Amino acid sequence: MFIFFRKLLVFISLLSVVFIFPVLVIFYGKEYMSYKEVVDKQLQYTETLFGFGYNETTFFNYKKHLVEVKNPEIIALGTSRVMQIRESFFKERVNFVNAGGGGRSLDETLEFIKSINKNSSIKLIILGLDREVFYSKSDYQSDLEDDILPFRIAEVSFSMSRRIYLDYFSKKYSLINLIQKSEVSNNIGVSALLKDDGFRYDGSYKYGSAMDSKDRKEYLFLKTKEKVNKIKNNNFDYEQDRIYLERNFEVLRSII
């Protein structure tokens, strides 16, 4: 029995060592923070970018909390295509929140609008309507979060440990660089800290690494080529598209 427990202890010790590195990445990357903490930090330091690298989320609750706290007059809703609209784009100073990502499908957009406080100051909603939202299965799945700090760190570290190691050994980042950035920057998340990618305090998105890339033209060319090939090789199911289209138009009527 003693030998068994000794072997079990050794096994647990070795297993713990494997997860030490991912825990350090999540901790110094600040990927354990809740949406409330993120929004509070952004309101306190408006230059703060929020961009998780490993804590996967749909951003529904983040954008919802941002709207509740800022109580804007104008919001933008839709997929990533509306995320570039910024508060500074308006001629007159207005309280604006870009809630793009809070409504990636029409069902999700409808739920987001329903979640808005009836006493809010919103006067205008800029609604992005991409082709994809009409020809895709529309559903709603908000990302629930656990506000208990140890659970958040453990969940992300365990679920993303393989990817964290792969990125590290592919030399996409170094732990020392991450720690240094974490100590001097208010940015939240590995992407925000290392790539300057993330959501601004008004909810708009900054594509830092893509915009600063010297190979941006080549990158855009490859992405466009990939998209064209995907369209060419796609086997369209026109009957299914028709069903999705009819249903999504009904959801759009409810939104309006």
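1. Contact here means heavy atoms within 4.5 Å. On that basis, take the contacts in the protein between residues at least 6 apart in sequence: 74% of them join residues at least 24 apart. The model is predicted.

2. Overall composition. The protein has eleven helices and five strands. It has 256 residues, and 39% of them count as buried. The accessible surface comes to about 16200 Å². Carbon and sulfur atoms account for 57% of that surface.

3. Helix H2, buried side. H2 spans residues 35–44. Which of its residues are buried? They are Tyr-35, Val-38, Val-39 and Gln-42. These residues cover an arc of only 95° around the axis, so they sit on the same side of H2. The buried residues of H2 pack against H3 and S4. S4 is the strand at 197–199.

4. The face turned away from the buried side carries exposed residues. These are Lys-36 and Gln-44.

5. H2 against H3. H3 covers residues 60–70. The axes of the two helices come within 9 Å and cross at roughly 45°. An angle under 35 degrees would count as roughly parallel, and 65 to 115 as roughly perpendicular. H2 and H3 are therefore oblique to each other. The crossing of H2 past H3 is right-handed.

6. Residues at the H2/H3 contact.

7. H3 against H4. H4 is the helix at residues 106–115. How far apart are the axes of H3 and H4? They lie 11 Å apart, and the helices pack at an angle of about 30°. That angle makes H3 roughly parallel to H4, because angles under 35 degrees count as such. H3 passes H4 in a right-handed crossing. H3 contributes Phe-60, Lys-63, Lys-64 and Val-67 to the contact. H4 contributes Glu-108, Glu-111, Phe-112 and Ser-115.

8. Helix H7. This helix runs over residues 175–184. Leu-175, Leu-178 and Ser-182 are its buried residues. Seen down the axis of H7, they fall within an arc of 60°, so they line one face of the helix. What does the face turned away from the buried side carry? It carries the exposed residues Ile-176, Glu-183 and Val-184.

9. Lys-171, backbone. Lys-171 has a positive phi of about 65°, although it is not a glycine. Lys-171 is found in the loop between H6 (149–169) and H7. Is Lys-171 buried or exposed? Its relative accessibility is 76%. The cut-off for exposed is over 50%, so Lys-171 counts as exposed.

10. Asp-196, backbone. Asp-196 is not a glycine either, yet has a positive phi of about 60°. Where does Asp-196 lie? It lies in the loop between helix H8 (190–195) and strand S4. Its relative accessible area is 26%, and Asp-196 is partly exposed.

Methods. Residues numbered from 1 in each chain as written. Predicted model: local features only at pLDDT ≥ 70, side-chain atom pairs only at ≥ 80, totals over all residues. Heavy atoms only, no water. Helix = DSSP H or I, 4+ residues; strand = E, 2+ residues; numbered from the N terminus. Buried < 20%, exposed > 50% of the residue type's maximum accessible area, 1.4 Å probe, protein only. Areas by Shrake-Rupley, 256 points an atom, 1.4 Å probe, with all protein chains shown as cover. Arc of directions from axis to C-beta. Axes fitted to C-alpha atoms, helices over the stretch in contact; angles between N-to-C directions. Parallel < 35°, antiparallel > 145°, perpendicular 65-115°, else oblique. Left-handed = near helix turned anticlockwise from the far one by under 90°.
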